[in-house]
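Subject: Structure for you to look at

Hello,

Here is the structure I said I would pass on. Please open it first, then read my notes below.

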Amino acid sequence: MCPPQCFWGTINICVLNHLVEWTLKISPQLAGFKVENFSGKSTQLRVGIYARVSTHDQNCDRQIRELQVYAARAGFDVVQIFKEVGSGAKCDRIERKKIIALARARSIDAVLVSEISRWGRSASDLIATIEQLASYRVSLIAQNGFQFD
């Protein structure tokens, strides 16, 4: 049973012509975010971690470490971690394409990044990829507080 300070909500989703009802329980600190399906079974939110640095003399270790701690605190199930070195203005990023493929396959529920600029620097690219993720019903969550559904 969710404590009284939690938020409860119900979402009805049509999946392959079947109506599926999901009940969300969200605690104020995001510790314990769970999705319960209509049968009462609880599953963790599945996330893919994406970390990017701009140059080869930098590394993604700090981003990944902080995102893993954040995911653990929030109760997320980390499916896979992707690291990339390259400009955020480039649209042709191999690791980002891999995580988008996971989203397309519905193997994840959200992409977790440290900040929105790690996902992309160009406004048009950000809008296009956020809309693409949304078409797969996958969210983009930035550790610094932004979430796009």
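A residue is called buried when its relative accessible area is under 20%, exposed when it is over 50%, and partly exposed in between (1.4 Å probe, protein chains only). This is a predicted model, in which local features need pLDDT of at least 70 and side-chain atom pairs count only at pLDDT 80 or more, while totals for chains, interfaces and linings use all residues. Residues are numbered from 1 along each chain as its sequence is written, and side-chain values use heavy atoms, with hydrogens and water left out.

I looked at salt bridges (a side-chain nitrogen of Lys or Arg within 4 Å of a carboxyl oxygen of Asp or Glu). The whole structure has six of them. Helices (H or I, at least four residues) and strands (E, at least two) are DSSP runs, numbered from the N terminus.

Glu95 pairs with Lys98 at 3.0 Å, N to O. Both are in helix H2, three residues apart, so about one helical turn separates them. Glu95 is buried at 18%, and Lys98 is partly exposed at 42%.

Arg96 forms a salt bridge with Asp125, with the closest N and O atoms 2.8 Å apart. This pair links helix H2 to helix H4 (residues 123–135), across 29 residues. Arg96 is buried at 3%, as is Asp125 at 7%.

Arg46 and Asp109 meet at 2.9 Å, N to O. Arg46 lies in strand S5 and Asp109 in the loop between helix H2 and strand S7, so the pair ties together parts 63 residues apart in sequence. Arg46 and Asp109 also belong to a salt-bridge network with Arg106.

Regards
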